[in-house]
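Please look through the sequence and the coordinates shown here before reading on. The paragraphs below are meant to be read with the model open beside them.

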Amino acid sequence: MLSLCLLLLLHLSGFGTAHPGSHDETAYFRSLVSSRSVHEARQKLARCSDHIKRKGLDARAATRRAAILDSYRGISHSGAGPKSSRSSTSQAVLSSSENPPCLLTPEATIGPFWVDGELIRSNVTDGEPGIPLILDGEFIDIHTCEPVEDVFWEIWNCNATGTYSGVQDFGHHHGDDDSNLDKTYLRGVQRTDKDGAAQFTTVFPGHYPGRATHIHVLAHVGATILPNNTVTGGHVAHIGQLFFDQDLIAAVESTPHYKANNVRITPNINDGIFNDVNSASGYDPILSYTRLGHSLDDGILAWTTMGIDLSASYEAESAASLTDHGGVAHFHGWSAHVPGAREIIVLVVGLGLVFWLARSFRQFCARSA
Ligand SMILES: *[C@@H]1O[C@H](CO)[C@@H](O)[C@H](O)[C@H]1NC(C)=O
Ligand SMILES: *[C@@H]1O[C@H](CO)[C@@H](O)[C@H](O)[C@H]1NC(C)=O
Ligand SMILES: *[C@@H]1O[C@H](CO)[C@@H](O)[C@H](O)[C@H]1NC(C)=O
């Protein structure tokens, strides 16, 4: 009984269950990233660059990004900002052919913070403070090198101080109270157009322990839209993460909302997931970007081309679901473990039994003496 109780105690206190967050995100990823199919997909994708140029897809992408830039710069009225190695305003750099397309890495990187059932919407900020980030993404089929229309592209990222909405994760302060479950900030779904492209307005992600600054990405293929503006059916053809230029991260992290976060910044080169995906040749996980104005506060336009294998289908495990009656957490596997009422009752009864046994034993010994 005692050992059972000890086990229970250990279980409840978190030993024996994997904690969510940095360490597990990385460890879980490593076991899967080097699979052969990923390697083959990368080789296929590397051959797409020529095709993209020939068909004028890169030129169309550059025009689209220039138009986005103009519309936002029109709002900010402050013109082009300073340039960094990856930042430029020229149409050539706004094209995707400069960098090899980014191949989304599979399932392993889902992480413990995916919430299924999110809304189809372009502006996902929900009023969260931070540096505005316009994200332009383009999906190409790694087998045909053609753009993929009707992908439901889903993103989620943490806010300026490193918290995800919609989940309950006591370990890393992602919703220590369950009110976080009903929040949807910095999460959403968009449908790709004829050029395989879609855009989001989010805020530049902050950071949390052990992970470099990143945005989670998931691609639903063959899904349909429900009347309440969510998607259903189809399959998850890809899951991945997008990273940022280190200088840009430093600049953003020095602005007021981000500075409030005391957690140490994990640079890209110290992030296990980044290193694994970055070391693969012909593949670039860092978003290209340009500033929307002189001040960082005006925002950033970032873009990438992502290759997907439409026939791939991944089992995606969500931490919670957004439903018509709010967010509902799922506690399973390596996500946060919160004791249920039944476990607490078992523990209390168990402790009571131990106490009763100990007392009986003492009385027995006293009588025998
Ligand atoms: C996005 O939505 C927020 C409210 O959630 C609003 O304040 C903001 O102006 C919107 N941004 C854009 C670019 O439309
Ligand atoms: C991030 O979200 C958490 C929880 O919702 C909130 O307490 C915090 O203030 C947010 N960060 C910023 C910069 O608003
Ligand atoms: C949308 O509709 C589906 C199907 O009725 C339902 O399961 C889901 O909870 C709804 N989601 C929201 C956010 O209302």
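The model is predicted, with local features needing pLDDT of at least 70 and side-chain atom pairs counting only at pLDDT 80 or more, while totals for chains, interfaces and linings use all residues. Residues are numbered from 1 along each chain as its sequence is written, and chains are lettered from A and ligands numbered from 1 in the order in which they are written.

The protein chain contains ten helices and 14 strands, where helices (H or I, at least four residues) and strands (E, at least two) are DSSP runs numbered from the N terminus. Of its 369 residues, 44% count as buried; a residue is buried if 20 or more other C-beta atoms lie within 10 Å of its own, exposed if 12 or fewer, and partly exposed in between, with C-beta atoms placed from the backbone. Among contacts between residues at least 6 apart in sequence, 80% join residues at least 24 apart, a contact being two C-beta atoms, placed from the backbone, within 7 Å.

In soluble globular proteins, nonpolar side chains tend to be buried together. Leu133, not counting residues up to four places away in sequence, touches Ile300 and Ala302, along with Thr202, Val203, Phe204 and Gly299.

Tryptophan 156 belongs to strand E4 (residues 152-156), and it counts as buried because 26 other C-beta atoms lie within 10 Å. Leaving aside neighbours within four places in sequence, its contacts are Phe113, Trp114, Val115, Tyr164, Leu186, Arg187 and His216. Histidine 214 is 58 residues away from tryptophan 156 in sequence, yet their C-alpha atoms are 9.4 Å apart.

Three strands form an open sheet in the order E2-E13-E14, with mixed pairing, where two strands pair if DSSP finds at least two bridges between them. Strands E2 (115-116) and E14 (326-329) are at the edges, each pairing on one side only. E2 and E13 (residues 320-323) run parallel and are joined by two bridges, and aspartate 116 stands opposite serine 321. E13 and E14, by contrast, run antiparallel with four bridges, form a hairpin with two residues between them, and pair alanine 320 with alanine 329.

Why can helix H10 be described as lying largely in the open? Of its 28 residues, the number buried is zero, so H10 lies largely in the open.

The ligands remain, and a residue is near one if its C-beta atom, placed from the backbone, lies within 6 Å of it. Ligand 1 is surrounded by Asn123, Thr125, Asp126, Gly127 and Thr201, a shell with no nonpolar, four polar and one charged residues; Ala, Val, Leu, Ile, Met, Phe, Trp, Tyr, Cys and Pro count as nonpolar, Asp, Glu, Lys and Arg as charged, and the others, Gly among them, as polar. The shell around ligand 3 has two nonpolar, four polar and one charged residues, and its members include Gly117, Leu322 and Asp324.
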